[in-house]
Amino acid sequence: MISGCFQHIVLFLLLSSGIRSLDCNHPVKCQQSRTVNIMKLLESMGPKTIPWQCFNKIQDFAFPIGNDTGSIREDARATFGLMLEQINRIFWQNFTKAEWNMTVTEHLQTSLHQQLVQWEKCSVAETGKKATFKDVRMKLKLRKYFLRLDTFLKDEEYSSCAWEAVRHEIMGYIYISFSYLLACILYQK
C-alpha cells in the first residue's frame, strides 16, 4: 500500500517538475521530437497492422488536412494545437476492450498530455496569445473529423477492432500532418 502510494507521489513529482521546466526556446523543434516519440508509442501499443478480423471495421474517416492547411502560420499553429488536444482527448476514452500493452498506453497518455501542455504554454509564450483560426472552416472540418472518430468508437461500443481502426487512422496521419504543420509554423512569417 505504501509503496503504491509512494510510486504515485514520485510519478506526480516527475511529471510536475517536467512541466514546470519546459524549454520554450525552440518549441517547434521540441514538438518535432515529441511527435516522433508519440508515433513510436502508438506503433508499440498494438499490432503493426490491423488484425484480419477487424478489416470490416476499416472506413474512410475523411481526414480534412491537405496541402492547403497551414498556408497561414496562425492557422497552422491553431490546427496543430487542436489536433493535439483532440488526439489527447480520444486516448483518454474507454479503451478497456482494446488489446493493447497498458504500460505503453499509459505512457502514451502521459506523453500526449505533456506535449499538449508544452504546446499551449510555449505557443502562448512565443506569440503572446493563444493561436486562433483565421479560416474557421478548417476548425469546423477538424472538429467534424474527430467527432466521426468519437461516433465510430461509441457506435462500435469501444471494441478492440474499433480502437485498432482509430489507432491506425491516427498513426496514418499524425506524423505527416504534424511535420507539415510544424514546418509551416517554423518557416512562415
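From the N terminus on, the elements of this protein run α-α-α-α-α-α. There are six helices and zero strands, taken as DSSP runs numbered from the N terminus (helices: H or I, at least four residues; strands: E, at least two). The model is predicted: local features need pLDDT of at least 70, side-chain atom pairs count only at pLDDT 80 or more, and totals for chains, interfaces and linings use all residues. Residues are numbered from 1 along each chain as its sequence is written, and side-chain values use heavy atoms, leaving out hydrogens and water.

**Overall**
- Buried residues make up 44% of the 189 residues; buried means under 20% relative accessible area, exposed over 50%, partly exposed in between (1.4 Å probe, protein chains only).
- The accessible surface comes to about 10,600 Å², by the Shrake-Rupley method with a 1.4 Å probe.
- Carbon and sulfur atoms hold 60% of that surface.
- Of contacts (heavy atoms within 4.5 Å) between residues at least 6 apart in sequence, 87% join residues at least 24 apart.

**Thr-105**
- Thr-105 lies in helix 4, residues 102-127.
- Its relative accessibility is 1%, so Thr-105 counts as buried.
- The Thr-105 side chain reaches the backbone oxygen of Asn-101 at 2.9 Å.
- Leaving aside residues up to four places away in sequence, Thr-105 touches Met-45, Phe-95 and Trp-100.

**Tyr-175**
- Tyr-175 belongs to helix 6, residues 160-187.
- Tyr-175 counts as partly exposed because its relative accessibility is 39%.
- Together with Val-36 and Ile-176, Tyr-175 makes a nonpolar surface patch of about 280 Å².

Notes: Patch = residues over 30% accessible without salt bridge, like charges linked within 9 Å, V, L, I, M, F, W, Y side chains within 5 Å. Salt bridge = Lys/Arg side-chain N within 4 Å of Asp/Glu carboxyl O. Polar contact = N/O pair within 3.5 Å; in protein donor to acceptor, adjacent residues only side chain to side chain.
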